[in-house]
Amino acid sequence: MKIIAYQKQDILLPINWQIEHILPQKWQSTYFPEVSDKEVKELVEHIGNKIPFEKKLNIVASNDYFLKKKEIYSESDIQVVKNLSTTTDQWKLEEIHERDIRISDELTSLFIDWGLNQYNDNETTHTSIPQNRLKDYQQFLASIGKEDSKELQNTFLNYSKHDAE
C-alpha cells in the first residue's frame with residue numbers, strides 16, 4: 001500500500017494510518033444479492049479494495065456505504081485516497097476487480113523499472129507472467145501448442161503490452 005501511495009505523492013504518509021476497506025468488511029448482503037457471501041467476503045480482502053487512510057478519518061468512515069465514505073475520503077492528506085474521492089462514483093465488485101488489475105500492473109511495471117524482476121543470462125532479460133495474466137498465458141501456450149519458455153513469456157508480455165496500447 002505504501003509503494004502505491006508514494007507513487008502519487010511526495011510527502012510522507014501520516015504517522016497514524018490504517019488499511020481502509022473501501023467495501024466494508026461488514027457489508028450488507030443486499031448490496032450484491034446475485035453474488036454469494038463467500039465471493040464478496042473474498043473480494044473484500046483483495047488489494048483492490050484497500051487504501052491507506054488516516055486512522056482518525058477511518059474511524060469516522062467506519063462501515064458506511066461508498067458515497068458517504070467518499071465525502072470523508074476527500075478530507076484525506078493521502079493523494080491516492082483523494083483521487084478515489086474525485087474519480088469514482090460507485091464502488092461495486094467490478095471496481096475491486098479493475099483496481100486489482102491496475103495495482104498489479106502498476107507494481108509489476110514499477111518492479112521492472114527497479115530491476116527487481118530481472119536476471120542476467122547472457123544479457124537476456126526474463127520477465128515473469130503476472131499472476132492476473134497467468135490464465136491468459138496458459139491459453140496462449142495451448143493455442144500455439146508450445147511448452148513454457150522465457151522466449152514465449154517475453155513474446156506474450158510484449159504482445160499483451162501492444163494490445164493494451
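Where in the chain is the place of Leu116? I looked this up in a predicted model. Leu116 lies in the loop between helix 6 (93-114) and helix 7 (134-144).

**Entry 1: the chain as a whole.** I noted 8 helices and 2 strands. Read from the N terminus, the elements run α-β-α-β-α-α-α-α-α-α. Of the 165 residues, 36% are buried. I recorded an accessible surface of about 10800 Å² for the chain, with 49% of it belonging to carbon and sulfur atoms. Among contacts with a separation of 6 or more, 60% join residues 24 or more positions apart.

**Entry 2: helix 6.** I followed helix 6 over its 22 residues; from first C-alpha to last it reaches 31 Å, close to the 32 Å expected at 1.5 Å a residue. I listed its buried residues as Leu93, Glu95, Ile96, Arg99, Asp100, Ile103, Leu107 and Leu110. They lie on the same side of helix 6, because they cover an arc of only 140 degrees around the axis. An α-helix has 3.6 residues a turn, so residues three or four places apart point the same way. I found that the buried residues of helix 6 pack against helix 1 (2-6), helix 2 (37-44), strand 2 (50-54) and helix 5 (79-87).

**Entry 3: the end of helix 6.** I looked up what follows helix 6 and found Gly115, with a positive phi near 80 degrees.

Technical notes
Residues are numbered from 1 along each chain as its sequence is written. This is a predicted model: local features need pLDDT of at least 70, side-chain atom pairs count only at pLDDT 80 or more; totals for chains, interfaces and linings use all residues. Side-chain values use heavy atoms; hydrogens and water are left out. Helices (H or I, at least four residues) and strands (E, at least two) are DSSP runs, numbered from the N terminus. Buried means under 20% relative accessible area, exposed over 50%, partly exposed in between (1.4 Å probe, protein chains only). Contact means heavy atoms within 4.5 Å. Accessible areas come from the Shrake-Rupley method with a 1.4 Å probe; for residues, only the protein chains shown count as cover. The expected span of a helix is 1.5 Å times one less than its number of residues. The arc is that of the directions from the helix axis to the C-beta atoms.
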